[in-house]
Amino acid sequence: MKYDHDYWMTKAIAQAAKARAKDEVPIGCVIVRGGKIIARGHNLRETTQDPAAHAELIAIKKAARKLNSWRLLNTTLYVTLEPCLMCMGAIILARIPTVVFGCHDPKGGAAGTLYDLSNDPRLNHRVELVPRVLEGECSSLLSSFFAELRRRRRNASAS
């Protein structure tokens, strides 16, 4: 059975829910090859106190271990939020051919919003982008998380 982008994005959303359950910014990622998920990741920056513990980097490292190769050819990376500069750099270095993302990141997006590393002629690899897949669900995850965070901070300062 061949699954579509919406199906795989729901798997990335499930990873984002895991991040949220850990009080992390709810961003999730899966990497698919040959119709199967080969790696999963979700944000763990707060948990690990590691600025590089983004969902994409966690999934990329797992996929490289699984395939025993740094070249993640014939894969598709699904992520709930547009990748940042660091993650797009890793995606390019890993030779991931396709990135599907949920919502744009107006503060740090490097797949078309602030920068577009996917098609920079100065780099040796191009990345096909498929934006706005289940955009509403992905955006809602983030906005509800930050609204709750602001509410908690207001309540804490009022106490």
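**Briefing: surface, fold and salt bridges**

The model is predicted. Of the 159 residues, 46% are buried.

**Fold and dimensions**
- The chain holds five helices and five strands.
- Their order along the sequence is α-β-β-α-α-β-α-β-β-α.
- The C-alpha trace spans about 55 × 35 × 30 Å along its principal axes.
- Among contacts with a separation of 6 or more, 59% link residues 24 or more positions apart.

**Charge**
- Side chains number 24 positive and 15 negative.
- The centres of these two sets lie 6 Å apart.

**Salt bridges**
- The whole structure contains five salt bridges.
- Asp120 pairs with Arg122, with 2.6 Å between the closest N and O atoms. Asp120 is buried, because its relative accessibility of 11% is under 20%. Arg122 is exposed at 74%.
- Arg132 bridges to Glu135 at 3.3 Å, N to O. Arg132 is exposed, with 52% relative accessible area, while Glu135 is partly exposed at 30%.
- Glu148 and Arg151 form a salt bridge at 2.5 Å, N to O. Both sit in helix 5 (residues 135-158), three residues apart, or about one turn of the helix. Glu148 is partly exposed at 26%, and Arg151 is partly exposed at 39%. Shared partners join Asp23, Glu148, Arg151 and Arg152 into one salt-bridge network.

Terms used
Residues are numbered from 1 along each chain as its sequence is written. This is a predicted model: local features need pLDDT of at least 70, side-chain atom pairs count only at pLDDT 80 or more; totals for chains, interfaces and linings use all residues. Side-chain values use heavy atoms; hydrogens and water are left out. Helices (H or I, at least four residues) and strands (E, at least two) are DSSP runs, numbered from the N terminus. Buried means under 20% relative accessible area, exposed over 50%, partly exposed in between (1.4 Å probe, protein chains only). Contact means heavy atoms within 4.5 Å. Lys and Arg count as positive and Asp and Glu as negative; His and the chain ends are not counted. The place of a charge is taken as NZ of Lys, CZ of Arg, CG of Asp or CD of Glu. A salt bridge is a side-chain nitrogen of Lys or Arg within 4 Å of a carboxyl oxygen of Asp or Glu.
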